[in-house]
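Student: I would like to go through this protein with you. Could we have it on the screen, please?

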Amino acid sequence: MPHDFAPGSVWLVGAGPGDPELLTRKAERLIAAADIVFHDALVGPGVLALIPPTTPRVHVGKRSGRHSKDQRSINDLLAAAALAGKRVVRLKGGDPSIFGRSTEEIRHLAERGIAVRICPGITTASAAAASAGISLTLRGLARKLTLVTAHARAGEALDLDWAALAAPEATLAVYMGAAAAGEVSRRLIAAGRAPDTPVLVAVNVSLPDERILRGSLSALAFLVETISGDDPSLLLIGETIGAPATVSAIAETRGAVGTIAYARDA
Ligand SMILES: C[S@@+](CC[C@H](N)C(=O)[O-])C[C@H]1O[C@@H](n2cnc3c(N)ncnc32)[C@H](O)[C@@H]1O
């Protein structure tokens, strides 16, 4: 058994965006050693296939029909398994520290004296940039990278610092942004971001049905309309997306990344 995975302890493990080859070796080792695995809805099927068939797996994702208030039940399930002496892996899509509600789980476990550690994963923004053949930062053009969520509580407006997000040198990676794409586009333009700022919508990143859609900020809502509501997607906004070096990189990788649609200023 691995020296760093004692019975009664928990690892929060980053599963990456979906492709099992984007998993760290440490993640793979921990998954193989676990007595039980709790996983999110967005953990890819190829990653789930690495869980030994004899290891119980529990789907605790919101897409399984649960509501977000069930975070408390997830915390309790993790604690109960650890207190029963099991080696627990909590598999989370992407990187556990990015919009992954890790802190709630860590706090809950730590308060009960349960040892908990984190294994990082590749976050969707990195994987989307790789698939699209772009860099998220670019010397002189994109000196800042902002990861932001556009998920608002039901009935509430998006509470974001639009002036800061509209800074021309920032690349924005918007998680959970598809439903709010129209508002993101309007508010950024109203705050001074150029309507022709390049944008990219990355759907099902690193999975066989990945799609990379490109356009401009003013056409963002239109781009998002073409994707199915259930498919996870990430919005990337910023000058680096349209930088000239990008185009040849896309041409080279085109076969590997699937359908690429061009929809500038639709
Ligand atoms: C709760 S957040 C979790 C983010 C995750 N911890 C990470 O580091 O990527 C879920 C959001 O991440 C994005 N996402 C996760 N996996 C994705 C994928 N394979 N393709 C596109 N977007 C994805 C979507 O914006 C989705 O709504």
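Student: Which residues of α3 are buried?

Tutor: The buried residues of α3 are I74, L78, A79, A81 and A82. A residue is called buried if 20 or more other C-beta atoms lie within 10 Å of its own, exposed if 12 or fewer do, and partly exposed in between, with C-beta atoms placed from the backbone. Seen down the axis of α3, these buried residues fall within an arc of 165°, so they line one face of the helix. The arc is that of the directions from the helix axis to the C-beta atoms.

Student: Before we continue, what kind of model is this?

Tutor: This is a predicted model, in which local features need pLDDT of at least 70, side-chain atom pairs count only at pLDDT 80 or more, and totals for chains, interfaces and linings use all residues. Residues are numbered from 1 along each chain as its sequence is written.

Student: And how are the helices and strands numbered?

Tutor: They are numbered from the N terminus, as DSSP runs: helices are H or I with at least four residues, and strands are E with at least two. The protein chain has nine helices and eleven strands.

Student: Back to α3. Which exposed residues sit on the face turned away from its buried side?

Tutor: That face carries R72, S73, D76 and A80.

Student: What do the buried residues of α3 pack against?

Tutor: They pack against the strands β1 (10-14), β2 (36-39) and β4 (88-92), and against the helix α4 (102-111). Two residues are in contact if their C-beta atoms, placed from the backbone, lie within 7 Å.

Student: How far apart are the end C-alpha atoms of α3?

Tutor: They are 18 Å apart, and this agrees with the 18 Å that the 13 residues of α3 (residues 71-83) should span at 1.5 Å a residue. The expected span is 1.5 Å times one less than the number of residues in the helix. After α3 comes G85, whose phi is positive, near 90°.

Student: You mentioned α4. Which of its residues are buried?

Tutor: E105, I106 and L109 are buried in α4. Down the axis of α4, they fall within an arc of 95°, so they too line one face of their helix. On the other side of α4, T103, R107 and E111 are exposed.

Student: Why would residues three or four places apart point the same way?

Tutor: An α-helix has 3.6 residues a turn, so residues at that spacing point the same way.

Student: What is packed against the buried side of α4?

Tutor: The buried residues of α4 pack against β1, α3, β4 and β5 (116-119).

Student: New topic: which residues come nearest to the ligand?

Tutor: Of the 22 residues around the ligand, G94, T123, T124, V205 and P232 come nearest. A residue counts as near if its C-beta atom, placed from the backbone, lies within 6 Å of the molecule.

Student: How many of the shell residues are nonpolar, polar or charged?

Tutor: Eleven are nonpolar, nine are polar and two are charged. Here Ala, Val, Leu, Ile, Met, Phe, Trp, Tyr, Cys and Pro count as nonpolar, Asp, Glu, Lys and Arg as charged, and the others, Gly among them, as polar.

Student: Where does the ligand lie relative to domain 1 and domain 2?

Tutor: The ligand lies between them, because domain 1 (10-119) and domain 2 (124-263) both give residues to the shell around it. The domain bounds come from an automatic or database domain assignment.

Student: T124 was among the nearest residues. Which residues of α5 are buried?

Tutor: T124 itself is buried, as are A125, A127, A128, A129, S131 and A132. Helix α5 (residues 124-132) is therefore mostly covered, with seven of its nine residues buried.

Student: And what about S206: is it buried or exposed?

Tutor: S206 is buried, with 22 other C-beta atoms within 10 Å. Its place is in the loop between β8 (198-203) and β9 (211-216). S206 has a positive phi of about 70° although it is not a glycine.

Student: Finally, what share of the protein chain counts as buried?

Tutor: Of its 266 residues, 40% count as buried.
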